[in-house]
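Could you walk me through this structure, one question at a time?

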Amino acid sequence: MQNKGSFLRSALMLIVLFLVFALLLTGLNVWAGPRIERSEASQALGPLMDIFPGAQGFDLLYSSDGSAGSELADVPETVQSIYTETSGLGYAILLSTTQGYTHDPIDISMAVDTEGKIVGTQVLSYPDTKDMGVDTYPQTYIGQDSTLADVSLVAGVTYSSKAFHDAILDGFTALTANELVSAGVKGDAQLLTELIATVFPGMMNNEGAMQGEETETGIDGVTAAYKAPNGAGFAFIATVDGAGVLAVANTTGSACVYDVEGSDVTGSYAGFAETVAAYARDNGDLYTDDDISKLRAYYSKEADYAVLGLDGVYNTVTAAYTVTENGDTLYAFVSRPYGYSNIPMAVYYVLNADGEIVMMNAKEFILEKDYFSNYTLDPQSYKEGFVGMTAETMTDDVAFISGATMTTNAVKTATHDVFDAFATLKENGGLGNE
């Protein structure tokens, strides 16, 4: 009986100890659980506190995983989450974009006040090898509204800085589309500058970023002027007779003038068009001697080469020539698209009267390895792949080489631009035999 009593007392003591331990654990969870959750929330929201002066806290309004904000519309995929600041100061957004130099994710935070102005932004992760100034470039966005009127891309790092720029625009899109903040109003100068991409694509790289270098012209009314580093020509933002206009001119003296709505108003501003055309002819970069030297080496030493104008051509084609040999006339074009690191590369074509490529070559054929990766290239076979192609039969895959994406995208652009230039000159009689 004594052993049985001892056993029962021991068992009872174990039960009591178990219950006490369970109660202690429950109490610890009750006490520590909210603190752990607050700590985890604090870590998650820390990047938002860093960029939002005076913020008290944040409530989740939208999440890309579908856990919140399903009622919001037109939220770009770069937007990972949107928070409201709990005291009513505005909104904070976490973004992620893969449009940078290496296409690995760049993570970004931005904070916008109730007036639709950026009060803070920061790069949270940056995998790219080319530094756009991750500590300084985001600060240029503070105070901007959705127009981003006074920010520019970083020269030499346009891929990554444009990725940042476009992600910030996506954040504003999510806010303005859902009427959380009001959209900013673009001024005439910004509208005209953005119009350059449409009317003078020769000044843009393959990512759509303008490569124009700002220059002083001394022309009355011109408030900003940009020179294309590939020799394509110039763009001029101006006020003429009280109206804002954009003029574009290539180096052969062809010019067009547009109003803020994108309408061609050259006829109404003929004097101004003549002025900028003359400036472009006098100050543009011409490569005539080098072009003809290369064409003699690539195509024919015996042929006669004569310069053609580029009336109406505003892409990457910087020169055109007639090529006359044994009584036959062909047409040579030189395109200077932006290749690796946005460096202009010269690509040469000779077309017959039917617009068919009979020769294609390049001054420096894919010497750099994009992203420092390897690629396989048989230059002769690659060039011969373009022979016989026309605008109708051109396929983009003929230009593509894996591992040399930037360079071969430039070749693709050059080929399309040459076909477009040929069609334009054929239509307006600029081929010299029409």
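This is a predicted model: local features need pLDDT of at least 70, side-chain atom pairs count only at pLDDT 80 or more; totals for chains, interfaces and linings use all residues.

Student: In what order do the five strands of the open sheet stand, and which are the edge strands?

Tutor: The five strands form an open sheet with antiparallel pairing, and their order is β11-β12-β13-β14-β15. The twist averages 20 degrees from one strand to the next. An edge strand pairs on one side only, and the two that do so are β11 (304-308) and β15.

Student: How many bridges join β14 to strand β15, and what is the bridge partner of V347 in β15?

Tutor: Strand β14 (residues 347-351) runs antiparallel to β15 (residues 357-362), and five bridges join the two. They form a hairpin with five residues between them, and in its turn G355 has a positive phi of about 80 degrees. On the β13 side, where β13 (residues 328-335) and β14 also pair in the antiparallel sense over five bridges, V347 is the bridge partner of S335. In β15, the bridge partner of V347 is A362.

Student: Are the residues of β14 buried or exposed, and which of them point the way opposite to V347, Y349 and L351?

Tutor: Strand β14 is mostly covered, with five of its five residues buried. V347, Y349 and L351 point one way from the strand, and the residues that point the other way, also buried, are Y348 and V350.

Student: Which helices pack on the sheet, and what angle does the direction of α7 make with that of β14?

Tutor: Helix α5 (residues 288-298) packs on the sheet and touches β11, β12, β13, β14 and β15, with a direction at about 65 degrees to that of β14. Helix α7 packs on the sheet as well, touching β12, β13, β14 and β15, and its direction makes an angle with that of β14 of about 40 degrees.

Student: Which residues touch the most other members of the largest nonpolar core, and which element gives the most to this core?

Tutor: In soluble globular proteins, nonpolar side chains tend to be buried together. Here the largest nonpolar core has 31 residues, of which F333, Y349, L351, I357, M360, F386 and V411 touch the most other members. At least two residues each come from β12 (317-325), β13, β14, β15 and α7 (405-428). The element that gives the most, with eight residues, is α7.

Student: Which residue in β15 stands opposite Y349, and what else is Y349 in contact with?

Tutor: Leaving aside neighbours within four places in sequence, the contacts of Y349 include Y331, A332, F333, I357, V411, A414 and V418. M360 is also among these contacts, and the residue that stands opposite Y349 in β15 is M360.

Student: Why does T97 count as buried, and which backbone nitrogen does its side chain reach?

Tutor: T97, which lies in strand β3 (residues 90-97), counts as buried because its relative accessible area is 3%, whereas the cut-off for that term is under 20%. Beyond four places in sequence, T97 is in contact with T78, D104, P105, I106, I108, A163 and A167. At 3.2 Å, its side chain reaches the backbone nitrogen of Q99.

Student: What does Q190 touch, and what separation do the C-alpha atoms of Q190 and L148 have?

Tutor: Q190 is found in helix α3 (residues 188-199) and counts as buried at 12% relative accessibility. Not counting residues up to four places away in sequence, Q190 touches T147, L148 and A149. Although Q190 and L148 are 42 residues apart along the chain, their C-alpha atoms are separated by 9.2 Å.

Technical notes:
Residues are numbered from 1 along each chain as its sequence is written. Side-chain values use heavy atoms; hydrogens and water are left out. Buried means under 20% relative accessible area, exposed over 50%, partly exposed in between (1.4 Å probe, protein chains only). Helices (H or I, at least four residues) and strands (E, at least two) are DSSP runs, numbered from the N terminus. Two strands pair if DSSP finds at least two bridges between them. A nonpolar core is a set of buried Ala, Val, Leu, Ile, Met, Phe, Trp, Tyr and Cys residues joined through side-chain atoms within 4.5 Å. Contact means heavy atoms within 4.5 Å. A polar contact is a pair of N or O atoms within 3.5 Å; within protein, one must be able to donate a hydrogen and the other to accept it, and residues adjacent in sequence count only if both atoms are side-chain atoms. Axes are lines fitted to C-alpha atoms, for helices over the stretch in contact, and angles run from 0 to 180 degrees between N-to-C directions.
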